[in-house]
Amino acid sequence: MDWHRHSALGARHKEHIPGQRDQRNLDQAARTVEDWLAVQALAEPGLVDDADELRQVGVLARAGVSSDEVNQAVRRARQHGWGWAPIAVLLGETREQARQRLA
């Protein structure tokens, strides 16, 4: 499993506030993850191109679709090797909240 997909987002959260799922916060979370992906791609070219499943989690969370659809997207992202940290950011949760709720 690739460590880049599991590395923490660290201080890149900027204005994103875990636990708040309003549209502004989810939009900021998506930008945070895209910034993080860009940094990770410096070490692993092609990583950003391989992030469709991860991005889909954010798209569905921002669209307000059913939790079943979001849960399926999370499962697909996990199957493609993405860690809980970027998934949780896209969901507006902490990593631990996401892991406990969806694992």
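Which residues touch the most other members of the largest nonpolar core? Hi everyone, let's start there, and please keep in mind that this is a predicted model. The core has 24 residues, and those touching the most other members are Leu37, Leu54, Val57, Val74, Trp82, Ile87 and Leu91. As for where the core comes from, α1 (23-43), α2 (52-63), α3 (67-79), α4 (84-91) and α5 (95-102) each supply at least two of its residues. The most comes from α4, which gives six residues.

Leaving aside residues up to four places away in sequence, Val74 touches Val57, Trp84, Ile87, Leu91 and Leu102.

Now for the way α4 meets two other helices. Take α3: its axis and that of α4 come within 10 Å and cross at roughly 155°. An angle over 145 degrees counts as roughly antiparallel, so that is how α3 and α4 run relative to each other. The crossing of α3 past α4 is right-handed. On the α3 side the contact is made by Val70, Val74, Ala77 and Arg78, and on the α4 side by Trp84, Ile87 and Leu91. Six of these residues are nonpolar, none is polar and one is charged.

Next, α1. The axes of α1 and α4 come within 7 Å, again crossing at roughly 155°, and therefore α1 and α4 are roughly antiparallel too. Here α1 brings Leu26, Ala29, Ala30, Thr32, Val33 and Trp36, while α4 brings Pro86, Val89, Leu90 and Leu91. By class, that contact has nine nonpolar residues, one polar and no charged ones.

Conventions:
Residues are numbered from 1 along each chain as its sequence is written. This is a predicted model: local features need pLDDT of at least 70, side-chain atom pairs count only at pLDDT 80 or more; totals for chains, interfaces and linings use all residues. Side-chain values use heavy atoms; hydrogens and water are left out. A nonpolar core is a set of buried Ala, Val, Leu, Ile, Met, Phe, Trp, Tyr and Cys residues joined through side-chain atoms within 4.5 Å. Buried means under 20% relative accessible area, exposed over 50%, partly exposed in between (1.4 Å probe, protein chains only). Helices (H or I, at least four residues) and strands (E, at least two) are DSSP runs, numbered from the N terminus. Contact means heavy atoms within 4.5 Å. Axes are lines fitted to C-alpha atoms, for helices over the stretch in contact, and angles run from 0 to 180 degrees between N-to-C directions. Angles under 35 degrees count as roughly parallel, over 145 as roughly antiparallel, 65 to 115 as roughly perpendicular and the rest as oblique. A crossing is left-handed if the near helix is turned anticlockwise from the far one by less than a right angle, and right-handed if clockwise. Ala, Val, Leu, Ile, Met, Phe, Trp, Tyr, Cys and Pro count as nonpolar, Asp, Glu, Lys and Arg as charged, and the others, Gly among them, as polar.
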